[in-house]
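Subject: Structure for you to look at

Hello,

Here is the structure I said I would pass on.

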Amino acid sequence: MFIGAVTHREIINIVKTFKNKKSTDCFGIDMILIKSIIEYIVQPFAYICNLSFRTGVFPSQMKIAKVIPIHKNGERCQFTNYRPISLLPQFSKILEKLFVNRLDKYIEKHNLLSDNQYGFRAKRSTSMAVMELVEGISNAIDNKEYTVGVFIDLKKAFDTIDHSILMNKLERYGIRGIAYKWMKSYLDDRCQYVEINCVKSKQLKVTCGVPQGSVLGPKLFILYINDISSVSKLLKCVLFADDTTLYCSGKNLEQLLTTVEKELNILKNWFDINKLSLNIKKTKLIIFGTRQMKNVSKIRVNGIEIERVYENKFLGVIIDDKLSWKSHINHVKTKMSKNIAILYKTKHVLNKKSLYTLYCFLLLPYMTYCLEIWGNAYKTNNSSYFQVTKKSYKNYTSIKLYRTTNILFINLNTLKFYDLVEYKMAQIMYKAQNNLLCRSIQKLFKVRESQYDLRGTDFFKKNKIRTNIKQRCVSVRGVNLWNSYDSDLKRCSSFSLFKNMFKNRVLEKYINQE
């Protein structure tokens with residue numbers, strides 16, 4: 001791996017991307033201060049960065065972490081009830097980001113990371129990870145198969161990384177010479193101290209793990225566990241950093257459970273070799289399928305039984321064994337109902353701009369997160385949620401309940417629930433049409449081929465399906481919706497233009513209905 005030189009403009013652009021945080025590092029410096037002075041110090045700092053990359057030495061003063069314990073809940077005298085927040089030097093974050101930019105180019109050029117890894121990578125997100133898992137399970141159900149899903153829990157995965165194992169893996173990936181030396185210097189001789197109420201502890205050495213709160217740490221972690229996807233040839237995996245989900249499908253449930261148990265014990269051995277601790281008691285198992293299940297065998301790893309559940313939270317979405325999404329919808333509805341009460345109590349006190357900020361913070365994330373995946377659930381499951389969303393809009397705008405909802409959404413410049421679901425799916429389909437998705441999701445959509453150019457080439461092939469569960473998936477419903485759109489919408493020159501055109505068309509429909 002070659003580490004290219006750093007330019008002044010590159011440093012300034014990177015600093016601009018950091019958030020304006022007031023938290024100070026061990027030198028009492030915050031990012032707001034860095035942003036205000038960077039143009040005046042960029043020349044000497046660029047020299048330091050280039051010197052670091054040429055010599056393969058990470059500056060020792062950038063290796064000191066200040067740890068602030070934040071109380072979570074429970075007794076304040078119990079240290080386990082505190083979450084440690086690690087604050088690294090601000091200049092360290094900039095230097096790390098410069099290295100990460102070069103590392104990313106190297107990783108993508110040589111295709112080093114597994115397609116199953118969605119964490120901390122461009123063109124990938126939690127929603128895509130959930131989509132891959134749901135598509136795999138729904139395919140099995142459509143083929144009259146069972147799917148055994150295992151949701152792995154690792155104990156403090158980021159903090160237990162073994163540095164020697166990590167360096168060996170980096171060398172195998174081609175990170176050698178100066179780049180290898182720089183990485184080793186980055187990990188070696190790090191130290192940290194704890195600060196509470198301006199009182200500082202002694203500094204202690206950090207001998208394992210990747211630095212918490214660092215820019216480079218997450219990249220190193222996904223490289224560390226990258227080979228997990230090749231441990232088993234039978235289990236498929238979906239990864240988002242340390243969130244690991246394994247699944248396997250088959251028609252014979254007993255044989256399937258035996259296979260999964262055998263492969264999990266092989267995987268447990270891989271965790272032990274790599275000094276990662278599998279928390280078997282918190283690892284959960286779901287058997288997906290619509291067929292009857294009687295006298296189901298237990299799965300044990302190292303003699304400890306894995307608990308079978310009927311629903312489990314995966315990357316913020318509650319997945320149930322029938323893919324009905326009822327539990328997740330109820331969860332979102334409960335969360336939103338509590339926050340609607342806050343919005344209602346403040347609507348007579350705050351101005352419209354402040355209310356909108358509160359609405360975006362308290363409600364919008366729940367309404368839109370992974371909506372394209374679970375939003376197509378049966379209308380009986382979605383109906384109560386639809387009423388809650390409508391209520392939230394009306395509390396925000398103070399529009400009377402007897403007014404027509406079209407006026408409400410026109411004034412808010414937003415979409416109704418089912419239109420919002422379609423809007424989210426349409427965005428995925430636009431990316432699929434323009435090859436903007438990662439490979440693992442892009443392969444779900446195949447362009448329809450024909451020897452006759454009767455209706456253009458921007459159509460996707462429709463898959464034959466058997467069940468309603470598969471019908472509600474993005475790979476089926478999204479394709480049907482996309483094929484129904486006209487060419488003007490499909491052939492928008494940019495993603496932002498596509499979103500604006502789609503939204504404006506729906507709002508025009510609301511206006512015409514009035």
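This is a predicted model: local features need pLDDT of at least 70, side-chain atom pairs count only at pLDDT 80 or more; totals for chains, interfaces and linings use all residues.

Domains. The protein is split into four parts: domain 1 (8-113 + 163-207), domain 2 (126-157 + 223-320), domain 3 (326-403) and domain 4 (419-512). The centres of domain 1 and domain 2, taken over C-alpha atoms, are 34 Å apart. Where these two domains meet, nine residues of domain 1 are in contact with eight residues of domain 2.

Cores. The largest nonpolar core has 78 residues, and the members that touch the most others in it are Ile 11, Met 183 and Leu 264. Both domain 1 and domain 2 supply at least three residues to this core. A separate core of 61 residues lies apart from it, with Val 421, Leu 437, Phe 445 and Phe 502 among its members. In soluble globular proteins, nonpolar side chains tend to be buried together.

Which residues does Ile 11 contact, leaving aside its neighbours within four places in sequence? They are Val 6, Ile 38, Val 42, Phe 45, Ala 46, Ile 94 and Leu 98.

Surface. Tyr 47, Ile 48 and Leu 51 make up a nonpolar patch on the surface, and together they have about 280 Å² of accessible area. Ile 48 sits in helix H2 (residues 31-55). Is Ile 48 buried or partly exposed? Ile 48 counts as partly exposed because its relative accessibility is 40%, and that class runs between the limits of 20% and 50%.

Regards

Key
Residues are numbered from 1 along each chain as its sequence is written. Side-chain values use heavy atoms; hydrogens and water are left out. A nonpolar core is a set of buried Ala, Val, Leu, Ile, Met, Phe, Trp, Tyr and Cys residues joined through side-chain atoms within 4.5 Å. Buried means under 20% relative accessible area, exposed over 50%, partly exposed in between (1.4 Å probe, protein chains only). Domain bounds come from an automatic or database domain assignment. Contact means heavy atoms within 4.5 Å. Patches are made of residues with over 30% relative accessible area and no salt bridge: like charges are joined within 9 Å, nonpolar side chains (Val, Leu, Ile, Met, Phe, Trp, Tyr) within 5 Å. Accessible areas come from the Shrake-Rupley method with a 1.4 Å probe; for residues, only the protein chains shown count as cover. A salt bridge is a side-chain nitrogen of Lys or Arg within 4 Å of a carboxyl oxygen of Asp or Glu. Helices (H or I, at least four residues) and strands (E, at least two) are DSSP runs, numbered from the N terminus.
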